Amino acid sequence: VIIFSNPLQLRGCAFLHRLEPGKKKKKRMAVDPYVVSSYVFTIVALLLFAGYSVTYTYRRLRAKKDLSLADFVAARGTMSAGRIGLSYFASAVGAWAVTSTAAFAAIGGLLGLSMYALATGAPVLVVAWLGHWLQKRYPEVLSFSDFAGLRFGRLAQYFTCAVAVLNMSVQVIAEFTSMGSLFSSFVGTEPYTVIALVAALTMGYTAYGGLEVSIAADRLQAVASLGLVMLLLVYCGVTFRPTLGPLTPALAVGSGITGYSSILTMPACMITYTIYSEAMWSRVWASADPTALRRGAVFGFVSLTVVIFLLGFGGWLACWAGLVDDTTNPNLYLFQILKGGGGGPASAQVDSWVGVTVVVLAAIM
């Protein structure tokens with residue numbers, strides 16, 4: 001797990017809602033306007049998002065009719081520092097960050113959460129530094145597996161490619177299952193329509209436009225991620241008024257050795273996960289020059305570290321406020337703070353327009 005993927009993303013691969021024996025999960029019987037709004041607005045937002053991506057690609061193809069394979073795969077030397085930074089950020093943050101970071105903060109404490117945030121952002125700097133060296137030594141390569149083949153032979157290339165595919169497959173599965181858990185548990189309805197729509201639209205516009213349209217779409221995804229964090233900050237700053245208990249050692253450094261072990265395990269798993277992610281390496285080839293790559297990587301590091309910490313901190317606050325216990329769905333720890341500090345540890349459900357907005361933004365992420 002340390003080699004192939006982020007273990008906290010794997011938490012998103014399971015619907016972790018715990019039910020007592022003999023009890024059935026409650027279903028909403030009447031038509032709930034917030035449930036309907038969550039579904040309708042999410043689908044509309046996803047279609048608009050895909051429409052923007054397709055339109056962007058169509059206009060680019062009209063302007064540049066002689067699009068080469070290298071341009072399609074790597075968009076070599078075309079992206080500014082701002083676009084690279086936003087793309088690094090959006091590529092690393094998704095719906096999994098809304099569920100997994102808060103769940104880890106509950107068991108890793110502030111120490112574990114801090115290491116999680118730093119370990120998510122720091123590998124971007126590692127890839128940028130290594131990528132700059134690779135570009136100078138091997139200017140003809142277009143991917144990390146391409147470099148492995150050129151430097152170490154076909155067997156190394158096949159192995160690197162296989163590990164990268166497995167790694168990115170786990171990431172995609174974690175993303176879809178986290179989104180599914182969000183709709184099944186927080187919205188309270190079936191998740192498969194939204195999952196299928198996200199999968200089909202993403203594959204469609206990426207196959208049509210290549211890496212450049214993916215980076216263009218990353219800008220909108222980055223805005224959605226930052227908008228979600230700002231919304232939660234403002235809403236909780238106004239409404240979150242809990243009665244806080246004492247700050248226990250478990251809240252500070254985690255339960256057992258979880259917090260202390262994260263000092264080693266988090267950097268180890270996140271660096272190896274990032275090294276074997278072609279999504280991160282592709283930004284190296286796409287950067288306009290070394291300065292754009294460095295500045296974009298610094299922006300990605302700072303934004304990733306801050307956003308991951310804040311998303312996890314929301315779940316940590318919910319634990320401190322007594323809004324989480326063994327019956328609470330771990331995927332919804334962050335959403336417990338939308339209850340304003342009251343309501344007990346029962347799992348939150350969408351019951352306001354703020355909740356609907358959070359669901360839509362999380363789906364776009």
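Is V31 buried or exposed? I looked this up before anything else in the model, which is a predicted one. V31 has a relative accessible area of 74%. The cut-off for exposed is over 50%, so V31 counts as exposed.

Next I noted where V31 sits. I found V31 in the loop between α1 (7-11) and α2.

I then checked the surroundings of V31 on the surface. V31 belongs to a nonpolar patch there, together with V36, V40, F41, V44, L48 and W353. I recorded about 700 Å² of accessible area for these residues together.

Is S53 buried or exposed? The relative accessibility of S53 is 1%. Buried means under 20%, so S53 counts as buried. I listed the contacts of S53, leaving aside neighbours within four places in sequence: Y205, V213 and A217.

The largest nonpolar core has 95 residues. Which of them touch the most other members? I wrote down Y88, F186, L228, W281, L311 and F335. Helix α5 (residues 95-137) gives the most to this core, with 16 residues.

I followed up F335 from that list. With its neighbours within four places in sequence left aside, F335 is in contact with V98, L182, F186, A348 and V358.

Notes
Residues numbered from 1 in each chain as written. Predicted model: local features only at pLDDT ≥ 70, side-chain atom pairs only at ≥ 80, totals over all residues. Heavy atoms only, no water. Patch = residues over 30% accessible without salt bridge, like charges linked within 9 Å, V, L, I, M, F, W, Y side chains within 5 Å. Areas by Shrake-Rupley, 256 points an atom, 1.4 Å probe, with all protein chains shown as cover. Salt bridge = Lys/Arg side-chain N within 4 Å of Asp/Glu carboxyl O. Helix = DSSP H or I, 4+ residues; strand = E, 2+ residues; numbered from the N terminus. Buried < 20%, exposed > 50% of the residue type's maximum accessible area, 1.4 Å probe, protein only. Contact = heavy atoms within 4.5 Å. Core = buried A, V, L, I, M, F, W, Y, C linked by side-chain atoms within 4.5 Å.
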